Amino acid sequence: MASIYLPPWRIDVSSRPGVVSPVPLRTLARLAARALDTAGAPSPGSLALILTDDAELATLNEQHMGHAGPTDVLSFPMLTAGFALPPGRRPHLGDIVISVERAVQQAADGRGGQTSDVQWSATDELRLLVVHGVLHVCGMDHAEPQDNAVMRALEKRILAEQ
């Protein structure tokens with residue numbers, strides 16, 4: 001695991017054994033920090049980004065969401081509204097678990113992007129999943145059409161920033 005400090009954020013990025021990211025971990029951490037800034041996350045804060053495979057995501061998907069089979073990203077927000085820590089403490093905002101295997105496959109199959117029909121690189125797909133996960137940690141959702149439009153527009157904006 002690498003703890004990458006990008007004030008006011010600490011991004012703990014880890015890759016499970018045998019999982020190779022098409023994007024450098026530091027690049028993913030910078031993207032996560034940018035998404036936290038854009039989403040207005042409480043700062044300072046920490047976030048865990050875990051890169052793994054379909055098998056682990058399938059287990060987590062079943063345990064936490066009640067759905068069989070793997071998914072591409074799961075977010076586990078840790079803070080609730082009104083939560084406060086003593087001054088000087090860095091709250092842990094949440095964990096994001098991404099299947100690199102699924103991201104690579106979705107990109108290869110042309111099932112990437114927000115609409116699952118975008119043909120782009122595994123790098124672009126992984127970047128989207130990081131931003132998507134961060135926005136969920138920050139309390140955003142896409143279950144309702146209006147919320148979906150807001151979340152998708154914010155994803156596009158964050159991904160367009162360099």
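Colleague: What makes the five strands an open sheet, and in which order do they stand?

Modeller: In this predicted model, the order is β1-β2-β3-β5-β4 with mixed pairing, where strands are DSSP runs of E of at least two residues, numbered from the N terminus. β1 (2-6) and β4 (73-77) stand at the edges with a single partner strand each, so one side of each has no neighbour in the sheet. Residues are numbered from 1 along each chain as its sequence is written. Local features need pLDDT of at least 70, side-chain atom pairs count only at pLDDT 80 or more, totals for chains, interfaces and linings use all residues, and side-chain values use heavy atoms, without hydrogens and water.

Colleague: How do you know that β4 pairs with β5?

Modeller: Two strands pair if DSSP finds at least two bridges between them; β4 and β5 (residues 92-99) have five and run antiparallel, so they count as paired. Ser75 has Ile96 in β5 as its bridge partner, and Phe76 stands opposite Asp95.

Colleague: What joins β3 to β5?

Modeller: Seven bridges join these strands, which run parallel, and Leu47 stands opposite Gly94 in β5.

Colleague: Why is β5 called largely enclosed?

Modeller: Buried means under 20% relative accessible area, exposed over 50%, and partly exposed in between (1.4 Å probe, protein chains only). Six of the eight residues of β5 are buried, so β5 is largely enclosed by the rest of the structure.

Colleague: Which helix lies across β3 and β5?

Modeller: Helix α3 (residues 100-108) does, running at about 55° to β5; helices are DSSP runs of H or I of at least four residues, and angles run from 0 to 180 degrees between N-to-C directions of axes fitted to C-alpha atoms, for helices over the stretch in contact (heavy atoms within 4.5 Å).
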